[in-house]
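I hope they are handy while you have the coordinates open.

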Amino acid sequence: MVYGVKVGIESNRRYFLDTIKAELPNLLPVDHAEINFEESNRRFSIKSYGKDKLKLKLDNEDTYFGTDPKNALDYFLSHLRIKIAEYAESRVFIHAGVVGWKGKAILLPARSFKGKSTLVAELVKIGADYYSDEYAVLDREGFVHPFPKMISLRGIIDKYVQKDFPPETFGKIGKKPIPVGLVLFTDFEENAEFKPELISVGQGVLEIIAHTLPIRFNPAFSLAVLNKIISRAVVAKSQRNDAPQFSKILIDYFERLLPKSNEK
């Protein structure tokens with residue numbers, strides 16, 4: 001069981017089950033994660049047929065047919081985490097990079113291939129606490145919990161293939177839940193100048209809904225949590241330049257916000 005989701009995994013090859021078990025700490029980096037091969041409300045299977053045919057079922061939906069075991073397993077593990085994020089109980093998963101700075105969280109909501117992980121890694125290098133490069137995990141009070149999976153960076157091999165690094169490679173890992181101090185919607189644009197535009201609570205909620213995984217399956221709870229974090233934090237939008245340079249600009253900006261944030 002993980003975040004209230006009972007997960008069952010099946011395979012007709014021991015290799016797949018052993019690999020999934022070994023990958024579990026990175027797939028779901030929480031102390032209470034446990035895969036149960038008996039009772040479950042979400043079932044997943046990865047099976048081989050014939051010499052080299054593979055078939056995946058994610059929550060009883062056929063989603064992948066192929067021949068490459070590594071590709072199939074990577075796809076399987078990625079979508080397993082997504083399904084748990086969508087159906088989690090008492091937690092809201094937001095697709096975002098997250099770091100902590102002086103007891104407050106900086107949330108960077110963004111889709112894949114938008115540079116979240118690279119920016120998070122650079123922020124951790126200069127002293128921020130690492131919380132996640134993929135999901136902000138929020139409790140019902142709007143506090144962010146650590147989700148310290150491996151940091152997945154693209155551009156080392158090529159712009160599509162990712163390479164995973166232990167977060168300790170870059171710096172410290174956050175250990176406790178913290179409130180959100182800043183939500184920043186930002187995309188990379190070459191030579192962009194950082195000009196943060198503060199946005200309203202209503203607009204902030206609308207913007208962040210697009211990155212909120214359980215919004216379809218638990219909308220009332222999700223919206224209650226989103227309203228809490230957006231109403232308490234500074235919420236801004238701006239384009240940004242490259243991550244190494246921008247990480248320092250962002251921390252300087254956040255430092256100037258901290259007195260206002262602490263009054264909320």
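1. Four strands form an open sheet in the order β1-β2-β3-β4, with mixed pairing. Strands here are DSSP runs of E with at least two residues, helices are runs of H or I with at least four, and both are numbered from the N terminus; two strands pair if DSSP finds at least two bridges between them. β1 and β4 (61–66) are the edge strands with a single partner each, so one side of each has no neighbour in the sheet. From one strand to the next, the twist averages 10°.

2. A word on provenance: this is a predicted model, where local features need pLDDT of at least 70 and side-chain atom pairs count only at pLDDT 80 or more, while totals for chains, interfaces and linings use all residues. Residues are numbered from 1 along each chain as its sequence is written, and side-chain values use heavy atoms, with hydrogens and water left out.

3. β3 and β4 run antiparallel and are joined by five bridges. Within β4, D62 is the residue opposite K57.

4. Two helices deserve a look here. α1 packs on the sheet through β1, β2 and β3, and its direction makes about 145° with that of β1. α2 lies across β1, β2, β3 and β4, at about 5° to β3. Contact means heavy atoms within 4.5 Å; axes are lines fitted to C-alpha atoms (for helices, over the stretch in contact), and angles run from 0 to 180 degrees between N-to-C directions.

5. Which residues have the most contacts inside the largest nonpolar core? They are Y3, I9, I46, F76, L80 and F93, in a core of 30 residues. Such a core is a set of buried Ala, Val, Leu, Ile, Met, Phe, Trp, Tyr and Cys residues joined through side-chain atoms within 4.5 Å; buried means under 20% relative accessible area, exposed over 50%, and partly exposed in between, with a 1.4 Å probe and protein chains only. α2 gives this core its largest share, seven residues. Leaving aside residues up to four places away in sequence, F76 touches I9, I20, F44, S45, I46, L56, K57 and L58.

6. Apart from that core lies another, of 29 residues, including L108, A121, L182 and L250. L182 sits in strand β12 and has 0% relative accessibility, so it counts as buried.

7. β5 pairs antiparallel with β8 over four bridges, with F93 and V137 as bridge partners. Six bridges link β5 and β6, also in the antiparallel sense, and V98 partners L107 there. Two residues separate these strands in their hairpin, where K102 takes a positive phi near 55°.

8. Buried in α5 are F221, S222, V225, L226, I229 and I230. These cover an arc of only 155° around the axis, which puts them on the same side of α5; the arc is that of the directions from the helix axis to the C-beta atoms.
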